[in-house]
Every structure is written in structure tokens, then in C-alpha cells.
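Follow the chain through one loop and then through a pair of packed helices. The account below takes them in that order.

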Amino acid sequence: MKRHNLLIVDDEKEILRSLTLTFTENHEVFTASNGAEALEILKKQDIALIITDQRMPEMTGVELLEKVIEINPQIIRIILTGYTDTAALIQAINQGHIYQYITKPWERQELRLIVQRALETYELEIENRRLLKELQVANERLQIENAFLKTEVNKDLQCTEIVGRSPTMQ
């Protein structure tokens with residue numbers, strides 16, 4: 001798997017440090033301590049996956065992820081929380097804002113596996129979009145070639161009809 005850019009957002013420095021250590025070996029890790037910082041990073045970096053805490057000052061994780069969708073809907077979104085803010089999380093899940101909901105404390109290997117699977121999904125979606133574009137280009141080329149061939153066949157048929165119906169031929 002290729003090395004992807006991850007963004008981790010949490011207002012607790014120890015969690016940022018722990019998650020950075022968890023992923024830095026295989027990925028480029030960017031961190032932010034609040035939603036506003038995260039949005040600034042998203043403007044400058046090509047991020048594949050974001051892990052955000054739900055409860056943060058000024059902007060919740062769900063609110064941040066709603067803004068992330070506006071910036072780049074392809075980013076995989078994960079919420080990490082120690083609280084059971086059930087209504088907000090259910091809303092985020094139902095609206096498709098998040099890929100996974102993980103509770104604190106988390107199991108490091110399990111989190112790595114979740115992120116790996118999420119990034120595999122991300123890569124598959126990118127590959128599907130690339131293949132779809134190739135297919136669209138091929139279809140457009142075929143339509144042009146088909147129209148050209150129809151024109152050429154019609155030219156041949158018109159010539160045959162003209163010669164076949166002329167008084168000399170009759």
C-alpha cells in the first residue's frame with residue numbers, strides 16, 4: 001500500500017502524540033488541535049484520511065467532518081471519542097459523514113487495521129474513478145467513430161442508389 005497523508009485532530013496533546021507514533025512509520029501524519037487548524041491543513045495538503053475527536057472546543061468532530069466533505073468528499077473520515085454523544089454520532093453515521101466510529105481507549109493494532117482497510121477503500125475508489133474516466137473517454141471515441149462509419153456507409157449507399165437508379169442503368 002502506498003504511503004498516504006493522514007490528519008489527526010484532537011485537543012489532547014498526548015492523544016495526538018500517541019496516534020502520530022502509531023501511524024508515522026507507514027504514513028505522513030499531520031496533526032491539529034482543533035477544527036480550524038485542521039481546515040487550514042486540508043487547504044494545503046492532500047489528505048487521504050482524517051481521524052478526529054468528537055468533543056473539542058469551538059467545533060465538534062461531526063461539524064468538522066461536514067466541512068471536510070465540502071472540501072474533499074473522498075477523504076475517509078473516522079471519529080474517535082471517549083464520550084457517547086449518541087445523537088450526533090448516529091446523525092453522522094446515517095448521513096454518511098464517517099467511515100468508522102471508534103471509542104477511547106482504543107486498541108492500537110485494531111486501529112491500525114481499521115485505518116489500513118479504510119485506505120484500501122480509498123485506493124479502490126480512486127482506481128474506480130480513474131477507470132470510469134477511461135471508460136467515458138473510450139465511449140466518446142467509439143461514438144465519434146460510429147458516427148463517422150455511419151456517414152461513410154451512407155455515402156456508399158447513396159452512390160449505389162444514384163448509379164442504380166440512373167436512366168442509363170435502368
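Glu58 is found in the loop between strand 3 (49-53) and helix 3; helices (H or I, at least four residues) and strands (E, at least two) are DSSP runs, numbered from the N terminus. The model is predicted, with local features needing pLDDT of at least 70 and side-chain atom pairs pLDDT 80 or more, while totals for chains, interfaces and linings use all residues. Residues are numbered from 1 along each chain as its sequence is written, and side-chain values use heavy atoms, without hydrogens and water.

Most residues other than glycine have a negative phi. Glu58 is not a glycine, yet its phi is positive, at about 75 degrees. Glu58 is exposed, with a relative accessible area of 78% (exposed is over 50%, buried under 20%, partly exposed in between; 1.4 Å probe, protein chains only).

Helix 3 spans residues 61-71, and its buried residues are Gly61, Val62, Leu64, Leu65 and Val68. These lie on the same side of helix 3, because they cover an arc of only 155 degrees around the axis, taken from the directions from the helix axis to the C-beta atoms.

Helix 2 (residues 35-44) packs with helix 3 at an angle of about 15 degrees, the axes being 10 Å apart; axes are lines fitted to C-alpha atoms over the stretch in contact, and angles run from 0 to 180 degrees between N-to-C directions. Helix 2 is therefore roughly parallel to helix 3 (angles under 35 degrees). Gly35, Ala38, Leu39 and Leu42 of helix 2 and Leu64, Lys67, Val68 and Ile71 of helix 3 make the contact (heavy atoms within 4.5 Å).

Technical notes
Angles under 35 degrees count as roughly parallel, over 145 as roughly antiparallel, 65 to 115 as roughly perpendicular and the rest as oblique.
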